[in-house]
Amino acid sequence: NMQTTQRTTQEWQQLDAAHHMHPFSDMGSLNKAGSRVITRAKGVYLWDSNGNKIIDGMAGLWCVNVGYGRQELADAARDQMLELPYYNTFFKTTHPPVIELSQQLSELTPDGFNHFFYCNSGSEGNDTVLRIVHQYWAALGKPQRKVVISRINGYHGSTIAGASLGGMGYMHEQMPSKVENIVHIHQPYWYGEAAEGVTPEAFGKARAAELEAKILELGADNVAAFIGEPFQGAGGVIFPPESYWPEIQRICDKYGILLVADEVIGGFGRTGEWFAHQHFGFKPDIMTLAKGLTSGYVPMGAVAIHDKVALPIIEAGDFNHGMTYSGHPVAAAVALANIAILRDGGVVDQVKNETGPYFQKSLREALSSSPIIGEIHGTGLVAGMQLCEEKNPRKRFANGGDVGLICRDHCFGNNLIMRATGDRMLLSPPLVISRTEIDELVDKAARCIALTA
Ligand code: PLP
């Protein structure tokens with residue numbers, strides 16, 4: 001790399017410890033152990049500074065959908081930097097990449113999604129969602145509709161608004177204050193939270209019924225929106241029971257409440273559909289997009305706004321929100337090149353018809369009989385595996401989080417990136433992964449889980 005000097009691993013680690021604060025990390029213990037230095041990547045593989053080849057079962061942070069090292073994306077960024085590296089769209093100006101991208105997104109998204117607002121991340125996307133929701137109800141003359149309902153153990157980002165929408169207690173504890181008018185209901189996590197004898201079907205309905213109870217408690221006239229990830233990603237790849245989303249949809253429709261799908265992980269082909277809500281068969285009014293939009297090559301987020309919501313806001317006049325880098329031309333150019341690969345290169349179709357079903361089948365064949373795997377969730381190229389102490393009746397480990405970390409460390413030591421969320425192990429590889437690479441991924445994952453048992 002031209003910008004960085006050659007150094008030994010130890011030198012990198014010492015400098016990193018001396019000067020770099022990592023996100024979501026305990027820097028004290030990390031600095032003692034030393035971070036792994038990732039120096040390059042290609043396809044589904046990473047290399048570290050000691051020359052180890054690592055298979056990336058997480059596509060970075062669920063974002064490198066087209067895999068690493070794509071010339072098309074690099075060319076798009078370079079060409080755009082030379083043509084128009086930056087311009088804003090605040091003051092009566094616009095530019096070709098953001099126009100093209102918006103038009104293409106209107107084709108890729110379901111009917112009625114014709115307007116897109118840009119930002120730099122999923123967190124900023126959800127911050128934007130709050131403003132859009134508020135602006136919509138104000139435009140309709142109902143500004144008192146302020147409360148947004150979300151879920152415990154949902155993840156919506158790390159800005160103050162994103163973390164307030166999210167339901168992670170450990171994040172709330174460290175915030176100076178939370179955004180007002182956000183309330184949380186329970187998550188549809190059958191394995192972890194259903195009482196003995198309650199079926200997933202009944203549990204899904206009961207958890208959705210909490211939304212209705214909360215709306216009635218608050219008064220429907222005070223409720224603006226419900227937000228949820230179609231499947232919870234960072235919370236542990238938790239797929240809700242099939243009964244859940246149809247009930248949520250019915251309740252939102254009944255009380256006229258906006259339904260927001262946070263598609264930051266689920267969007268751009270992860271489930272084999274372009275957007276994860278299509279897999280679950282519900283119809284959101286707003287979608288948050290990021291990650292797979294640019295495959296993480298450059299930062300970009302977006303909010304997709306259905307006509308029902310966009311048109312009243314447009315009619316109402318000024319919308320006082322935006323970032324210097326909203327609709328950044330380089331990010332938009334990279335997004336266009338990325339979409340071309342996912343769509344014209346047939347990657348999303350391949351996940352739906354070919355690699356997704358193969359991955360899900362292989363994973364179940366390799367792991368269903370493991371004594372410590374209680375349940376496997378997933379479709380397409382995303383999966384969550386529940387670690388358990390006893391399979392029947394189901395019993396979680398008392399120290400589940402520790403067991404997850406032990407498993408993750410086995411993976412790390414065996415050159416596999418698999419994430420642990422408490423007592424769930426997660427996989428979400430690049431969408432371009434081949435059958436042979438899936439064999440390697442599943443085989444390594446199964447071996448690391450066996451080492452943990
Ligand atoms: N929403 C969901 C569902 C996410 O998974 C994430 C990140 O993992 C975010 C929002 C936040 O995105 P970012 O980290 O780009 O701010």
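Modeller: Let's start with "contact": two residues are in contact if their C-beta atoms, placed from the backbone, lie within 7 Å. Mind that this is a predicted model, where local features need pLDDT of at least 70 and side-chain atom pairs count only at pLDDT 80 or more, while totals for chains, interfaces and linings use all residues. Residues are numbered from 1 along each chain as its sequence is written.

Biologist: Which residues is Ala-302 in contact with, leaving aside its neighbours within four places in sequence?

Modeller: Phe-116, Phe-117, Tyr-118, Cys-119, Gly-125, Leu-289 and Leu-293. By the definition, the C-beta atoms in each of those pairs lie within 7 Å.

Biologist: What share of the contacts in the protein chain between residues at least 6 apart in sequence joins residues at least 24 apart?

Modeller: That share is 72%.

Biologist: What agrees with a compact globule in the protein chain?

Modeller: The radius of gyration, taken over C-alpha atoms, is set against a globule rule of 2.2 Å times the number of residues to the power 0.38. For 453 residues the rule gives a value near 22 Å, and the protein chain has 22 Å, so the two agree. The C-alpha trace spans about 60 × 60 × 45 Å along its principal axes. In the chain there are 17 helices and 15 strands; these are DSSP runs numbered from the N terminus, with at least four residues (H or I) for a helix and at least two (E) for a strand.

Biologist: Why is Asn-153 called buried?

Modeller: The rule counts other C-beta atoms, placed from the backbone, within 10 Å of the residue's own: 20 or more is buried, 12 or fewer is exposed, and in between is partly exposed. Asn-153 has 21, so it's buried. It sits in the loop between strand E5 (147-151) and helix H7 (160-165).

Biologist: What makes a positive phi worth a mention?

Modeller: Most residues other than glycine have a negative phi, and most peptide bonds are trans. Phe-268 also has a positive phi, near 65°, and lies in the loop between strand E8 (258-262) and helix H12 (276-280). With 29 C-beta neighbours inside 10 Å, Phe-268 counts as buried too. As for peptide bonds, the one from Asn-392 to Pro-393 is cis, with omega near -5°. Pro-393 is in the loop between strand E12 (382-387) and helix H16 (400-413).

Biologist: Is His-410 buried, exposed or partly exposed?

Modeller: His-410, in helix H16, has 19 other C-beta atoms within 10 Å, so it's partly exposed. Leaving aside neighbours within four places in sequence, its contacts are Cys-448, Leu-451 and Thr-452.

Biologist: And Gly-374: why is that one called buried?

Modeller: Its count is 22, so it reaches the cut-off. Gly-374 lies in strand E11, and its C-alpha is 5.9 Å from that of Leu-387, 13 residues away in sequence.

Biologist: How many residues are in the largest nonpolar core?

Modeller: 119 residues. A nonpolar core is a set of buried Ala, Val, Leu, Ile, Met, Phe, Trp, Tyr and Cys residues joined through C-beta atoms within 7 Å. Those with the most contacts inside it include Val-133, Phe-226 and Ala-302. Helix H14 (residues 329-343) gives the largest share, 11 residues.

Biologist: Last one: which residues around the ligand come nearest?

Modeller: Of 17 residues around it, Ser-121, Gly-122, Ser-123, Gly-157 and Val-264 come nearest. A residue counts as near if its C-beta atom, placed from the backbone, lies within 6 Å of the molecule or strand in question. Helix H6 (residues 122-139) gives the most to this shell, with three residues.
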